[in-house]
Amino acid sequence: MASRLHAFNRFELKYLVPVDQAAEIRDELAERMDTDPYSPVGGYGVWSLYYDSPQLRFYWEKIEGLKFRRKLRIRHYGNLDGVTDASPVCVEIKQRVNRVTQKRRITLPYGVARTLCDGRQMVEHSAKESAFIQEVLDLVVRLDLRPTAITGYQREALVGRAADTGLRVTFDRRIRGRDRDFDFGLQTPENRFTIPPHMSVMEIKVNERTPYWITDLAARRNLNLVRISKYVQSVEAFGLAPRSVFHVDESDCPPPHPSEEVPLHQRPTPDAASLKVGAQ
């Protein structure tokens, strides 16, 4: 069996920016970067099911800023319509070692991934995949991991050219999720926005150093680094834990003033009058 395992390390910088400003930044970046070949016009869906212990061990490791911490998730790329047990997903361990973000993942059919993570059963794998599969199974069993939150958003991605080939910039909007009904294939689930829908998360991801012109762009546009985690935001938005320094409150991100309101054709769709329901 060919190995489906993939691993990479990188540094990540995050910014919280209004959707209209993010569109301007994306257009400026496009002069020096290329659209990710896997990113269609308008972006693509990213859905993640996060696992945690009953005591929210992974959540608290993030809050306490441990130099080594991990998260386990199942991730699906694309629209959730038509997801079946045969649909490809990634079982992923995302970990932080000091300032470096490391990701290791394996692509499996959704049904097999659930057998591994929910059923806590060994699944078929190649010799090269054995260590990772064993690690996932050990985490799930030893820490009594269980589905805790689902997050979803629309992502647009750019990749660097030439000397900037290790550069990747993503823009995530319509960030939403739920704390129940943990099945990607569920029909008409009830999601809610976990970050105000007029805001987006911009992430700069590099293998080593951030290019000077990216740093210059951030300074010119007065972008401020933020401590934000979509998983932590979901846990706190649904009242599973107290709010922390990572929490983005709606009152901290008021909608644009009427005179500065985003033109209708630039607004994210569907229009969300409430952040609590209807964020399908």
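User: Which residues of strand 3 are buried on one side, and which on the other?

Analyst: Please note that this is a predicted model. As a general idea, side chains in a regular strand alternate between the two faces of the sheet. In strand 3, Tyr44, Val46, Ser48, Tyr50 and Asp52 are buried on one side, while Gly45, Trp47, Leu49 and Tyr51 are buried on the other. Nine of the nine residues of strand 3 (residues 44-52) are thus buried, so the strand is largely enclosed by the rest of the structure.

User: Which strands do bridges join to strand 3?

Analyst: Strand 7 runs antiparallel to strand 3 and is joined to it by nine bridges; Leu49, for example, has Ile150 of strand 7 as its bridge partner. Strand 4 (residues 68-77) is also antiparallel to strand 3, with six bridges between them. There, Arg75 of strand 4 stands opposite Ser48.

User: How should I read the buried residues of a helix, and where do those of helix 1 lie around the axis?

Analyst: In helix 1 (residues 19-29), the buried residues include Val19, Ala22, Ile25 and Leu29. They cover an arc of only 115° around the axis, which puts them on the same side of the helix. Among the elements that cover the buried residues of helix 1 are strand 1 (5-18), strand 8 (168-178) and helix 5 (212-220).

User: How many aromatic pairs does the structure hold, and how is one read?

Analyst: The structure holds four aromatic pairs. One reads the distance between ring centres together with the angle between ring planes. For Tyr50 and Tyr231, the centres are 4.9 Å apart and the planes lie at 25°, so this pair is stacked. Because Tyr50 belongs to strand 3 and Tyr231 to helix 6 (residues 230-237), the pair ties together parts that are 181 residues apart in sequence. Tyr59 and Trp60 form an edge-to-face pair, with 5.0 Å from centre to centre and 85° between the planes.

User: Is Tyr59 buried or exposed, and what of Trp60?

Analyst: Tyr59 has a relative accessible area of 0% and is buried, whereas Trp60, at 34%, counts as partly exposed.

User: What is the average pLDDT of the protein?

Analyst: The average pLDDT is 89, and 90% of the residues score at least 70. Over residues 259-265, however, the pLDDT is below 50. It also stays under 50 over residues 267-278.

Conventions. Residues are numbered from 1 along each chain as its sequence is written. This is a predicted model: local features need pLDDT of at least 70, side-chain atom pairs count only at pLDDT 80 or more; totals for chains, interfaces and linings use all residues. Side-chain values use heavy atoms; hydrogens and water are left out. Buried means under 20% relative accessible area, exposed over 50%, partly exposed in between (1.4 Å probe, protein chains only). Helices (H or I, at least four residues) and strands (E, at least two) are DSSP runs, numbered from the N terminus. The arc is that of the directions from the helix axis to the C-beta atoms. Contact means heavy atoms within 4.5 Å. Two strands pair if DSSP finds at least two bridges between them. pLDDT is the predictor's confidence in each residue, from 0 to 100. Rings of Phe, Tyr and Trp (its six-membered ring) pair if their centres lie within 6.5 Å; planes under 30 degrees apart count as stacked, over 60 as edge-to-face and the rest as tilted.
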